[in-house]
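User: I would like to learn how to read the features of a protein model. Can you take me through them one at a time?

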Amino acid sequence: MAEIRLYLDKILEEKNISRYALAKATGTQYPIIDKYYKNRVERYDKDLLLRMCLYLECEPGDLIKLVEK
């Protein structure tokens with residue numbers, strides 16, 4: 001069985017960026033960024049993913065991966 005896994009926590013840690021800074025830079029409410037950070041998102045917002053990728057200078061595949069359980 002596979003699942004989609006978000007790696008925002010690892011990317012933010014590697015780049016030394018806080019969730020608050022990402023929320024402010026992307027114009028997104030902190031609780032929404034926190035859900036992505038904690039991998040608790042049920043529906044992915046493509047516009048938010050784009051803003052995060054542009055700010056973090058990464059590809060969508062760096063944020064979201066298909067992993068085996």
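Analyst: Start with a charge over a ring: NZ of Lys or CZ of Arg must be within 6 Å of the ring centre and within 35 degrees of the ring normal. Here, the charged end of Arg19 sits over the ring of Tyr37, 4.1 Å from the ring centre. Arg5 lies over the face of Tyr7, with 5.0 Å to the ring centre. Keep in mind that this is a predicted model, where local features need pLDDT of at least 70 and side-chain atom pairs count only at pLDDT 80 or more, while totals for chains, interfaces and linings use all residues. Residues are numbered from 1 along each chain as its sequence is written, and side-chain values use heavy atoms, with hydrogens and water left out.

User: Which salt bridge does Arg5 form?

Analyst: A salt bridge is a side-chain nitrogen of Lys or Arg within 4 Å of a carboxyl oxygen of Asp or Glu. Arg5 forms one with Asp9, and the closest N and O atoms are 3.9 Å apart.

User: How many salt bridges does the whole structure hold?

Analyst: A search finds four. One of them joins the side chains of Asp34 and Arg19, at 2.5 Å from N to O. Asp34 lies in helix 3 (residues 30-37) and Arg19 in helix 2, so this pair ties together parts that are 15 residues apart in sequence. Helices (H or I, at least four residues) and strands (E, at least two) are DSSP runs, numbered from the N terminus.

User: What else does Asp34 meet in a salt bridge?

Analyst: The side chain of Lys38 meets Asp34 at 3.1 Å, N to O. Lys38 is partly exposed, because its relative accessible area is 40%. Salt bridges that share partners join Arg19, Asp34 and Lys38 into one network. Asp34 has a relative accessible area of 15%, so Asp34 is buried. Arg19 is at 24%, so Arg19 counts as partly exposed.

User: Now the rings. How many aromatic pairs are there?

Analyst: Rings of Phe, Tyr and Trp (its six-membered ring) pair if their centres lie within 6.5 Å; planes under 30 degrees apart count as stacked, over 60 as edge-to-face, and the rest as tilted. This structure holds one such pair. The rings of Tyr36 and Tyr44 have centres 6.3 Å apart and planes at 70°, so the pair is edge-to-face. Tyr36 counts as buried, at 4% relative accessibility. Tyr44 is partly exposed, at 31%.

User: Which residues make the nonpolar surface patch?

Analyst: Patches are made of residues with over 30% relative accessible area and no salt bridge; like charges are joined within 9 Å, and nonpolar side chains (Val, Leu, Ile, Met, Phe, Trp, Tyr) within 5 Å. Accessible areas come from the Shrake-Rupley method with a 1.4 Å probe, and for residues only the protein chains shown count as cover. Ile4, Tyr44 and Leu66 make a nonpolar patch of about 300 Å². Ile4 lies in strand 1 (residues 2-6). Ile4 has a relative accessible area of 43%, which means partly exposed.

User: How many disulfides does the structure hold?

Analyst: A disulfide is a covalent bond between the sulfur atoms of two cysteines. The test is a pair of cysteine sulfur atoms within 2.5 Å. The structure holds zero.

User: Where is Asn16?

Analyst: Asn16 is in the loop between helix 1 (8-15) and helix 2 (19-26). Asn16 has a positive phi of about 55°, although it is not a glycine. Asn16 is exposed, with a relative accessible area of 71%.

User: Where is Glu57, and what is its phi?

Analyst: Glu57 is in the loop between helix 4 (46-56) and helix 5 (60-63). Its phi is near 55°, a positive value in a residue other than glycine. Glu57 is exposed, at 69% relative accessible area.

How values were computed
Buried < 20%, exposed > 50% of the residue type's maximum accessible area, 1.4 Å probe, protein only.
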